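Subject: Structure handover

Hello,

Here is the structure for your files.

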Amino acid sequence: MMKKTLLAFALPLVVASQAAMADVTLKMPGNFEILAAQHLEIKKATKTVALPEGDQQVLVRFDSPTNPHSTGQSMGYVTSQPILIRFSADDGEVVELVAPRVDTQQDVKRFAKNPNFELTDAAGKSVSFDSEKVVVSGSLLMANYNDILEAQIAPSEIQTLPQPAVITTSSQAVSSVDINQFTPAQADQLMKDLYQNADKKSRKEFIRWALGL
C-alpha cells in the first residue's frame, strides 16, 4: 500500500523532471579509449560512456597504430599503461579528453610512455582533474580493468570513510513516526514535504528507488 502511494507520488515527479536528468557523457579522441569506470562495468573498451553525475574515477589509455597515417595497420599498435583520471561533473555535462596530435612513429612511441592530455567541457573550457599512471604487470590484452580500477578505488575509500553520524533531535523525531498509521492523504503530504526540502541528489536517489532503478 505504502509503495503504491510512493509510486503514485513519484511518477509525476519523474515525468516533470526527466528532461532535466541526463547522464554525464565522457568522450575520447580516436587514439584513446575508456577501459573501466567507477559506476558501471565496461565489458569492452569504448570511446564514449554515460556516467551518473558526481565524482568520477575512470581508467583510460592511449591506443594508437604504430604508424598513425597507415590504413593497413600492418605495423600493429602502441598502447600505454592505464591512466586513472578523477574528475567531477553534473548531469547533462559533456566532458571530452583532448590530447595533442601525434604524427610520426617516433611521436606515437614517445607519447605512449608518458601520455598528456586535458579534459574540456562542451564549451571548450578546462575541466579540473587528477590523473595517475597505473602499472599493470602481465598482458595488457588479458587484464581485467574493472578489477584493476576497483583495487585503485578501495584504498582511497578506506582512507575517507565518514565518521559515524550524530543523530539530532529532529532526525530522532522523524525516525519515531509510524508511517503505517497515516492516511494516504497524510502520507502523500509527508512525501511531498520531504521531497521539496531535499537537495538535488537526494531527490534523484528517491526517484530511482521508487521506480526500482
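**Overall**

Please bear in mind that this is a predicted model. The protein has 6 helices and 10 strands. Of its 213 residues, 31% are buried. Among contacts with a separation of 6 or more, 64% are between residues 24 or more positions apart. The accessible surface is about 13,400 Å², and carbon and sulfur atoms account for 53% of that.

Is Val58 buried or exposed? Its relative accessible area is 0%, so Val58 is buried. Leaving out residues up to four places away in sequence, Val58 touches Leu26, Ile34, Ala36, Ala37, Leu51, Ile83, Leu84, Ile85 and Phe87. One of these, Ala36, is 22 residues from Val58 in sequence, yet the two C-alpha atoms are 5.8 Å apart.

Val58 belongs to the largest nonpolar core, which has 26 residues. Those that touch the most other members are Leu26, Ile34, Leu51, Val58, Val60, Ile85 and Phe87. Two or more residues of this core come from each of β1 (24-27), β2 (32-37), β3 (48-51), β4, β6 (83-89), β7 (94-98) and α2 (105-113). The largest share, 4 residues, is given by β6. A further core of 10 residues lies apart from this one, and includes Ala36, Leu59, Leu84 and Ile153. As background, nonpolar side chains tend to be buried together in soluble globular proteins.

Val60 has its own set of neighbours: Met28, Glu33, Ile34, Leu35, Gln81, Pro82, Ile83, Ile85 and Leu97, again not counting residues up to four places away in sequence.

**The open sheet**

An open sheet is formed by 5 strands in the order β3-β1-β7-β8-β9, with mixed pairing. Its edge strands, β3 and β9 (126-127), each pair on one side only.

Going along the sheet, β1 and β3 run antiparallel and are joined by 4 bridges. Leu26 has Val49 as its bridge partner in β3. β1 and β7 run parallel, with 3 bridges between them, and here Lys27 is partnered with Glu96 in β7. The pairing of β7 with strand β8 (residues 118-120) is antiparallel, over 3 bridges. Opposite Leu97 in that pairing stands Leu119 of β8.

Which side chains of β7 are buried? Val95 and Leu97 are, and they point to one face.

**Helix α2**

Val108, Phe111 and Ala112 are the buried residues of α2. Down the helix axis they fall within an arc of 100°, so they line one face of α2. These buried residues pack against β2, β4 and β5 (77-79). Gln106, Arg110 and Lys113, on the other side of α2, are exposed.

**Salt bridges**

How many salt bridges does a search of the whole structure find? It finds 4. Three pairs are described here.

- Glu132 and Arg86: the closest N and O atoms are 2.8 Å apart. The pair links distant parts of the chain, with Glu132 in strand β10 (residues 129-133) and Arg86 in strand β6, 46 residues apart. Glu132 is partly exposed at 32% relative accessibility, and Arg86 is partly exposed at 25%.
- Arg101 and Asp103: the side chains meet at 2.7 Å, N to O. Arg101 is exposed, with 69% relative accessibility, whereas Asp103 is partly exposed, with 30%.
- Arg110 and Asp107: the closest N and O atoms are 3.0 Å apart. The two are 3 residues apart in helix α2, so about one helical turn separates them. Arg110 is exposed, with a relative accessible area of 53%, and Asp107 is partly exposed, with 25%.

Regards

How values were computed:
Residues numbered from 1 in each chain as written. Predicted model: local features only at pLDDT ≥ 70, side-chain atom pairs only at ≥ 80, totals over all residues. Heavy atoms only, no water. Buried < 20%, exposed > 50% of the residue type's maximum accessible area, 1.4 Å probe, protein only. Contact = heavy atoms within 4.5 Å. Core = buried A, V, L, I, M, F, W, Y, C linked by side-chain atoms within 4.5 Å. Pairing = 2+ DSSP bridges. Arc of directions from axis to C-beta. Areas by Shrake-Rupley, 256 points an atom, 1.4 Å probe, with all protein chains shown as cover.
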